[in-house]
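Subject: Structure handed over, with notes on what was found

Dear colleague,

Please find below the structure that I promised to pass on to you. My notes follow after it, arranged by topic so that you can read them beside the model.

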Amino acid sequence: MFFRNLNLGRPNCPDRVQFETAFLDAGAVRAASFLVNGTLAFSVAPGMTAEAVLSRACGLLRERCGLKEPAFLRRMDALAALVAQDPFAGIDHAAVYGCYATFLHHDAAVADVTALRSAKGDVDVLRLSRTEALSVAYRFGASPGSPNALLESRLGLPATTRVWNTVVRLVARHG
C-alpha cells in the first residue's frame with residue numbers, strides 16, 4: 001500500500017507508530033511501515049479484505065493526525081510479478097536521473113501504451129497500464145523531471161510515485 005504525500009512525522013502525517021497502529025486498529029493482523037514515504041505492507045485475517053482495512057485505516061489517520069491523502073493499494077504478489085519482469089533491465093542507468101514506478105488512482109481510465117514523453121523531454125513513460133506507469137526521469141538544469149506530476153496532469157487524478165529500487169526492496173523484504 002502506498003500513500004501520496006505522506007512523509008512520516010510531518011504536519012498532518014502520522015509517525016511510524018501511528019501509521020502502523022492505524023492499520024492494526026483497522027483490522028490488519030500485521031502492518032509494517034517501509035521507509036518514511038508512506039509505504040506500508042500489511043496483511044489481513046481471513047474474512048477481512050485489504051480494501052476494508054485500508055478504508056478504516058484512512059479514516060483513523062484522518063481522525064488522529066489530519067491525513068487526507070489518497071492511498072493506492074497493490075497486492076504484494078502483483079508487485080513481485082512486476083519486479084520479476086525486470087522492466088528497467090535495458091536502461092543505461094548512467095544516462096538517466098532515476099527509474100520510477102507510479103501507482104495510479106483506481107479511477108484512472110488509460111489505454112495501455114508503450115511510450116509517453118513529457119513536453120520538456122525530462123520524463124519518458126516506458127509503460128503505462130491501468131494500474132501503474134514505469135518511467136525514467138532526466139535532469140535538465142536544477143531539478144529532474146517528475147513522473148508523478150506528468151501523470152497527474154495527464155490523467156486529472158492523484159497518483160503516487162516511488163523510486164524503482166524502493167519497490168524492489170519492498171518486495172525483497174515483504175514479498
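Which residue does the side chain of aspartate 122 meet in a salt bridge? Before the reply, a word on the source: this is a predicted model, in which local features need pLDDT of at least 70 and side-chain atom pairs count only at pLDDT 80 or more, while totals for chains, interfaces and linings use all residues. Residues are numbered from 1 along each chain as its sequence is written, and side-chain values use heavy atoms, with hydrogens and water left out.

Salt bridges

The partner of aspartate 122 is lysine 120, with a distance of 3.6 Å from N to O; a salt bridge here is a side-chain nitrogen of Lys or Arg within 4 Å of a carboxyl oxygen of Asp or Glu. Aspartate 122 is buried, at a relative accessible area of 8%, whereas lysine 120 is exposed, at 64%; buried means under 20% relative accessible area, exposed over 50%, and partly exposed in between, computed with a 1.4 Å probe on protein chains only.

The structure holds six salt bridges. One of them joins the side chains of arginine 64 and aspartate 25 at 2.9 Å, N to O, and this pair links distant parts of the chain, since arginine 64 sits in helix α2 and aspartate 25 in helix α1 (residues 16-25), 39 residues apart. Helices (H or I, at least four residues) and strands (E, at least two) are DSSP runs, numbered from the N terminus. Arginine 64 is partly exposed, with 42% relative accessibility, and aspartate 25 is also partly exposed, with 48%.

Arginine 75 and aspartate 77 likewise meet through their side chains in a salt bridge, at 3.2 Å from N to O. Here arginine 75 counts as exposed, at 61% relative accessibility, and aspartate 77 as partly exposed, at 47%.

Strands and core

Strand β2 (residues 28-34) is largely enclosed by the rest of the structure, because five of its seven residues are buried. β2 runs antiparallel to β3, and six bridges join the two; strands are taken as paired if DSSP finds at least two bridges between them. Within this pairing, alanine 32 has alanine 41 of β3 as its bridge partner. The hairpin of β2 and β3 has four residues between the strands, and leucine 35 takes a positive phi near 65 degrees there.

The largest nonpolar core has 21 residues, of which Met1, Phe3, Phe19, Phe23, Phe42 and Leu61 touch the most other members. The elements α1, β2, β3 and α2 give two or more residues to this core, and α2 gives the most, with seven. By a nonpolar core I mean a set of buried Ala, Val, Leu, Ile, Met, Phe, Trp, Tyr and Cys residues joined through side-chain atoms within 4.5 Å. In soluble globular proteins, nonpolar side chains tend to be buried together.

Pockets

The largest pocket contains about 410 Å³ of space. A pocket is found on a 1 Å grid over the protein atoms alone, as an open set of points where a 1.4 Å probe fits, with protein on both sides within 12 Å along at least five of seven lines, and lining residues have an atom within 4 Å of a point. Grid points are joined across faces, edges and corners, and a volume is the space filled by probe spheres set on the points.

Seventeen residues line the largest pocket, and Phe42, Ala50, Arg74, Arg75 and Met76 lie nearest its centre. At least two lining residues come from each of β3 (39-44), α2 (50-65), α3 (76-84) and α5 (164-174), with β3 supplying the largest share, five residues. By class, this lining has ten nonpolar, two polar and five charged residues, where Ala, Val, Leu, Ile, Met, Phe, Trp, Tyr, Cys and Pro count as nonpolar, Asp, Glu, Lys and Arg as charged, and the others, Gly among them, as polar.

The second largest pocket holds about 300 Å³ of space, and of its 17 lining residues Ala71, Phe72, Leu73, His105 and His106 are the closest to its centre. Both α2 and β4 (71-72) supply at least two residues of this lining, and the largest share, three residues, comes from α2.

With best wishes
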